[in-house]
Amino acid sequence: MRLRGRRPGDIGCMEVARALQSYLDAEVDQALAQRVGLHLEVCRRCGMKAETYRAIKSSLARAGSIDEVTRRRLEDFAHSVSRSGGQV
């Protein structure tokens, strides 16, 4: 989603898609975290993806461990989202 009136330093949807999982796992530096966070506040599509990732992560945490096949499928799904710039 293209943001109108983007300012220098704003981050786009494709960049957010590539960084989203690392952002949600608090594995990005503060500057990138701030840029991704601001984008998620204004971009409904990316915000919904973040909420989906959070829900999946939360469900997995509650379930404890998952089998190897399920883990691989989730990883493959996440990588496909990253490669497609968020378009599945």
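This is a predicted model: local features need pLDDT of at least 70, side-chain atom pairs count only at pLDDT 80 or more; totals for chains, interfaces and linings use all residues.
## Basis and confidence

Local features need pLDDT of at least 70 and side-chain atom pairs count only at pLDDT 80 or more, while totals for chains, interfaces and linings use all residues. Residues are numbered from 1 along each chain as its sequence is written, and side-chain values use heavy atoms, with hydrogens and water left out.

The protein chain has a mean pLDDT (the predictor's confidence in each residue, from 0 to 100) of 80, and 78% of its residues reach 70 or more. Confidence is highest in α2, at 95, and lowest in helix α4 (residues 68-83), at a mean of 73.

## Fold and surface

The protein chain has four helices and zero strands, where helices are DSSP runs of H or I with at least four residues and strands are runs of E with at least two, numbered from the N terminus.

Of the 88 residues, 26% count as buried, meaning under 20% relative accessible area with a 1.4 Å probe, protein chains only. The chain exposes about 6,400 Å², of which carbon and sulfur atoms supply 52%; accessible areas come from the Shrake-Rupley method with a 1.4 Å probe.

## Contact of α1 with α2

The axes of helix α1 (residues 13-24) and helix α2 (residues 30-42) come within 10 Å and cross at roughly 115 degrees. Axes are lines fitted to C-alpha atoms over the stretch in contact, and angles run from 0 to 180 degrees between N-to-C directions.

Contact (heavy atoms within 4.5 Å) is made by residues including Val16, Leu20 and Tyr23 of α1 and Leu32, Val36 and Leu40 of α2.

How values were computed. Buried means under 20% relative accessible area, exposed over 50%, partly exposed in between (1.4 Å probe, protein chains only).
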